[in-house]
Amino acid sequence: MPPEAIDGQDSTTSTEHIVHAVTRAIVEHRLLPGAKLVEQKIADRFGVSRTIVRQAFNRLSELKLVRLEPARGAFVAAPSIDEARQVFAVRRMIEGQMLRELTARIKPADLREIKAHLKAEREAVKRIDVPTRSKLLFDFHVELARVLGNQVLVDLIQELVSRCSLITLMYQSADDAETSHAEHIAILQAIEARDADRAAALVNEHLLTVERQLTERPRAPGLLADVFRTD
């Protein structure tokens, strides 16, 4: 795969491009907790200076997706079990209210877009396309936020689901994609029926189900995936 060179863009755009790429790799489970991020390799991969890469690392650190260690470099974050439970608690608080507002405001065009997303989810689950299904399963929640047209909410949900991707990689005892997909369908059915209480209850139970699958014993930190290889 050729490098995604982004010469000619300003430094902010270049930085955000790398932040987006690393975040996506985490959500798609192509970068694992504990993986070392090699500054020069990423600079070569994206056709930018190491200064730009360091700026991206700083931003990813702010998002709690990357851990910076003096004299050692940057590593994909490996959240603790306590942090994991706190993240899920925050998601339940936010997404329950989000679903109530969404149920009251959703339009037919929004429903069609979400149904198309669920169709793509189902196809990825059926063909056992792990990177694609992982991204689509997490993005379902981001798509719901987008319908409300609140970019602050979209950014917050995106940050939280990205952190949850790392959490499930480290602590989830089983990857039950079919169950998650079925629960997404039930949530959308409640939204379409304008049943706000049921929609909020279903998303709360959905997140609790994932949290219950967390184990106190983390998996071994992963090695760097080949997403940033230059060959």
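**View 1. The whole chain at a glance.** This is a predicted model, in which local features need pLDDT of at least 70 and side-chain atom pairs count only at pLDDT 80 or more, while totals for chains, interfaces and linings use all residues. Residues are numbered from 1 along each chain as its sequence is written, and side-chain values use heavy atoms, with hydrogens and water left out. The chain has nine helices and three strands, and from the N terminus they run α-β-α-α-β-β-α-α-α-α-α-α. Helices (H or I, at least four residues) and strands (E, at least two) are DSSP runs, numbered from the N terminus. Of the 231 residues in the chain, 45% are buried; buried means under 20% relative accessible area, exposed means over 50%, and partly exposed is in between (1.4 Å probe, protein chains only). Take the contacts between residues at least 6 apart in sequence: 77% of them join residues at least 24 apart. Contact here means heavy atoms within 4.5 Å.

View 2. Three strands make an open sheet in the order 1-3-2, with antiparallel pairing. Two strands pair if DSSP finds at least two bridges between them. Strand 1 and strand 3 pair over two bridges, in the antiparallel sense, and K36 stands opposite F75 in strand 3. Helix 3 (residues 50–62) packs on the sheet and touches strand 1, strand 2 and strand 3, its direction making about 115° with that of strand 2.

View 3. Strand 2 (residues 66–69) and strand 3 (residues 73–76) run antiparallel and are joined by four bridges.

**View 4. Helix 4 against helix 7.** Helix 4 and helix 7 (residues 151–171) pack with their axes 10 Å apart, at an angle of about 140°. Axes are lines fitted to C-alpha atoms, for helices over the stretch in contact, and angles run from 0 to 180 degrees between N-to-C directions. The crossing of helix 4 past helix 7 is left-handed, the term for a near helix turned anticlockwise from the far one by less than a right angle (right-handed if clockwise). Residues making the contact include V87, F88 and M98 of helix 4, along with L160, C164 and Y171 of helix 7. The contact residues divide into 15 nonpolar, no polar and four charged. For that tally, Ala, Val, Leu, Ile, Met, Phe, Trp, Tyr, Cys and Pro count as nonpolar, Asp, Glu, Lys and Arg as charged, and the others, Gly among them, as polar.

View 5. A salt bridge is a side-chain nitrogen of Lys or Arg within 4 Å of a carboxyl oxygen of Asp or Glu, and a search of the whole structure finds 19 of them. Both R105 and E101 lie in helix 4, four residues apart, or about one turn of the helix. R105 is partly exposed at 48% relative accessible area, and E101 is partly exposed at 35%. Another salt bridge joins E211 to R92, their closest N and O atoms being 2.5 Å apart. That pair links distant parts of the chain, with E211 in helix 9 (residues 196–212) and R92 in helix 4 (residues 81–105), 119 residues apart. E211 counts as buried, at 11% relative accessibility.

**View 6. R30 and E28 meet.** The side chains of R30 and E28 form a salt bridge of 2.8 Å, N to O. E28 counts as buried because its relative accessibility is 8%, whereas R30, at 26%, counts as partly exposed. Salt bridges that share partners join R24, E28 and R30 into one network.
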